[in-house]
Amino acid sequence: MHNRGLIKFIAIIFALVSIYQLSFTFVANKVKSDAKTFAAGKPEREVKYLDSIGKENVFNLGFTNFTYDEVKTKQINKGLDLEGGINVILQISVKDVLKQLANKSTNPVFNKALADAKTNQQGNQSYLDAFYEAFDANSNGSIKLSSPEVFGNRNMQGEDGVNSDMTDSQTKKVINKKVGEAIESAFRVLRERIDKFGVTQPNIVKLGNTGRILVELPGAKDVDRAKKLLSTTAQLEFWEAYKVEDISGYLQQVNDVLKKTEKATAVVVAPKVTSKIDSLLVDKTTKDSTETKKGNDPLIDKMLAFGQGPTLGYFSVSDTATVNAYFKRSDIKSLLPGNQADVKFVWGKVSEIDVLNKQLVDPTRATGSKKMEAVELFALKGNRTNTAPVNGDAIAEAKDAYTQMSKPCVNIRMNGRGTTKWGDLTTEVARTKGYIAIVLDNTVHSAPRVENPLVDGNCEISGSFTIDETKDLANVLRAGKLPAAAEIVQSEVVGPSLGQKAIDAGLTSSIIGLLLVSLWMLIYYGKSGWYANIALGVNLLFLFGVMASFGFVLTLPGIAGIVLTMGTAVDANIIIFERAKEELRAGLSLDEAVKKSFSWTGAMRSIIDANVTHILTGGILYIFGTGPIKGFALTLLIGIVTSLFTSIFITRIFLDRAVAKGTKLEFVNSWSKNWFTGFNFDFLRIKRGTYIFSSCVVVISLVSIFFVNGLDEGVDFVGGRTFQVKFEKKVEPSAVAAELSKVFGSAEAKVFGTDDQLKITTKYKIKEEGVSIDTDVNKKLYDVLKGHFSPDMTYEKFINAYDGKELGVLQASKISPAISADIKTNSFWAVLGAMLVVGLYLVISFRKLGYSLGAIAAVVHDVIFVLGIYSLCYKFMPFHMEMDQHFIAAILTVIGYSMNDTVIVFDRIREFLDGNRKGNFNQIVNDSINTTLSRTINTSLTMLLVLLIMFIFGGDSIRGFIFAMLIGIAVGTYSSLFIATPVLVDTMSKKDKEEIDARHAKANA
């Protein structure tokens, strides 16, 4: 080997750099371990400990020191499936941004286009592109985007803005830029929020130009709090609120109108008029009775309790949508007097109240009271422009504090302009001793009474807050408001105990896989197997070194990629060693056999072709994959490159050294000398039988997929919510599913791993947006399942994550229909693209279409075979076999490995056809397959071995993923021998076959 010294130098430097980079991971893990010990199970203490030592030196190399903050930026980061925490994808509402840019235009074409864009948006299509299509279709040339009624308004005019002379294409460029700026603004606001959230190493990334933002909060425990922090728009407004006596007359009129339209149902009630407020709202002509009709007072009956001051009344959360619908009716709106025409009805926060006869009471003084969960209804003095007198732009500073009664609150200091506006507003309200409603994201948090004008620019937001809520509120107000609503379209919550189990499973499978592969190489290849094992060890060192150097994230599928890398790393050595054995049998010396094996006409061509197909499929998987799947693809790609280097160069160094020393190498052990040799099977003679068998399998698979069982499409493809719930004892899945279906409409429960653990799936309210919806679903899940737990299982224990958690929700995820549509589209193009790209490469490499057709036929066969197995077996297998992103990753991996086996055979066929081997065309093809059979068996055997280890020890969450690859690689080995090669033979022209026969006959005459 030329430049052996340079290769050694590069390898040594690379190894030292890898060790150096990995040392930071070990140090960071040691510090985190110390923090956990100090925290004693309290996450906030752990965070404070790590924050306190951020600037302290924790790593001394002798010539330089590193602080903990520096060390943690250089470590290998663990994904949330290993670390535990919360992962969400936020969709910034481009629709809201467009409304703001159009100055809330009322143009019917514009608003119809906004609505149609939401309805017609296709998978992978941005909302903005869908809006442009809808606008063109609705306007039909009647109005331009640059019209003053749309984007040519005063707010959009000026430099780099929109003017009425612009064409639609010119206006689109401006809109695209403005929308991009809004998303960038949202990104900055969210980054500032999560920096103050209190978790170590939060991560936030913009996902291309989709308007989506990925946020990862490792170690986050409080699910509802984290989601609320991320999706809160922080639209703070201050409005004057009507007093209940100002609006009660209108409410009574509304009630009277509703009597005529709402259906009455008989209920037992006993109304009592006991206060002035009651008398304003209750129909005085109604007589007391023990039985009346609900609907006789449709609005009043929905009040849990009467209000006072700025509160109109207290309502059940479940009735808010109905009450909102009442106030939106045109006949109801027409009842408003002229001076109240712009009133805004807004709800307050959910709180618990004690009620007796529709009166708020002190439960310690009133007997017979009932505790209820309710929301207050407020009426705000709106205006034609719907603009608050004072808003969040007036804030200069916000900090969490305590009231004089020692209750959590947020103190606000306004800027100069805000102070003036605040003074004007409070002066006006103080004249009538009225109330100012403090509204955050269209929810009233408090409505204090104003006795005197407030001109110092200070304000206090108080109410039923917890300490964490005031901290988060102050945080979001300081960070600023989001330019548009941010909806959580995908989320995943992983408990820390589940993450630790994943680490343990991954570590166990990796060690066992490494030991078994190494043992096989020693058993089969003897002393040369030691060289391959050393190269494998160096390969793993390089792989982890690269990951640490570039700050890549390690996920559970990534660990699976590392285990697969062990198989690919020895694959190249197997091809080299098998070629060397052939050359030794042909009479070459050891030195000549080694050189021939590492030459382009020896093993290198096959190795390069096989690994290029891997790289192409891995690259497509990385482009189209998301989250952990992207981590799997990245690990696989790095592993391919490092294994090529170590197999070709590190192994070569040891082999050349052995040759120079005169060491006897036969690339076998005495007992394995005759394994997988002497094959002389006529593969082409049975091609009709294999065609029939494979055709039957394909037909059965397609019938099952399209007409019988279908496929078990996971939430990745159809949208929905999943919860992994661990119970205290064995539960019956069908019984749990029936209980949940009563509340969710439909739900599915399957055993996940052990019989005391279920994977629950539902589409309940998946199309509805908002953190409150997610919280509502979580609470309903708890209410249904709490009967299966001991009485001390609270909602917080059930839903939130904490160290050592063993029961309740261990993992939860949500995928909206929009995200699932994108995933399905990406999956289709990923699989199709992988086939086409690899097929094109084979055409270029082999320069004959037949090779590509044979390979594509084998791959299509393998994919349908795996899909068929999943369709036929998912209903009774003891592990989940869902169609999800993991499954698509498995399919793409199968495509790569199927191509690998096929390429090894095709390279030998090409070599023999281009050479002077004796025999006719069919004999030469059969000889090609037989002489590479030991390679095919060994490479497939090592891959199946490591996959089997991952299947057994890798954990429940990736078992279905690994099973797909197990089946795929086994079938891929079959198809490379019995499908790809026969198709190659059958698609080769008769003229080419006759030319090959004639050439070989002449050469051997």
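**Close-up 1. A cluster of aromatic side chains in the predicted model.** In this predicted model, F110, F131, Y132, F135 and F151 are joined into a cluster by ring pairs. Across the structure, the number of aromatic pairs comes to 36.

**Close-up 2. The stacked pair of F14 and F542.** The rings of F14 and F542 form a stacked aromatic pair, with 4.2 Å from centre to centre and 15° between the planes. Because F14 belongs to helix α1 and F542 to helix α18 (residues 527-549), the pair ties together parts that lie 528 residues apart in sequence. F14 counts as partly exposed, at 27% relative accessibility, whereas F542, at 1%, counts as buried.

**Close-up 3. The edge-to-face pair of F238 and W422.** With ring centres 5.1 Å apart and planes at 65°, F238 and W422 make a pair that is edge-to-face. Since F238 lies in strand β7 (residues 236-241) and W422 in helix α15 (residues 416-430), this pair ties together parts that are 184 residues apart in sequence. F238 counts as buried at 0% relative accessibility, and W422 also counts as buried, at 4%.

**Close-up 4. Lysines over aromatic faces.** K74 lies over the face of F24, at 5.6 Å from the ring centre, while K206 lies over the face of F187, at 5.8 Å from the ring centre.

**Close-up 5. A nonpolar patch on the surface.** The residues L6, F9, I10, I12, I13, L16, V17 and I19 form a nonpolar surface patch, which together has about 730 Å² of accessible area. One of these residues, I19, lies in helix α1 (residues 4-39) and, at 47% relative accessibility, counts as partly exposed.

Conventions:
Residues are numbered from 1 along each chain as its sequence is written. This is a predicted model: local features need pLDDT of at least 70, side-chain atom pairs count only at pLDDT 80 or more; totals for chains, interfaces and linings use all residues. Side-chain values use heavy atoms; hydrogens and water are left out. Patches are made of residues with over 30% relative accessible area and no salt bridge: like charges are joined within 9 Å, nonpolar side chains (Val, Leu, Ile, Met, Phe, Trp, Tyr) within 5 Å. Accessible areas come from the Shrake-Rupley method with a 1.4 Å probe; for residues, only the protein chains shown count as cover. A salt bridge is a side-chain nitrogen of Lys or Arg within 4 Å of a carboxyl oxygen of Asp or Glu. Helices (H or I, at least four residues) and strands (E, at least two) are DSSP runs, numbered from the N terminus. Buried means under 20% relative accessible area, exposed over 50%, partly exposed in between (1.4 Å probe, protein chains only). Rings of Phe, Tyr and Trp (its six-membered ring) pair if their centres lie within 6.5 Å; planes under 30 degrees apart count as stacked, over 60 as edge-to-face and the rest as tilted. A charge sits over a ring if NZ of Lys or CZ of Arg is within 6 Å of the ring centre and within 35 degrees of the ring normal.
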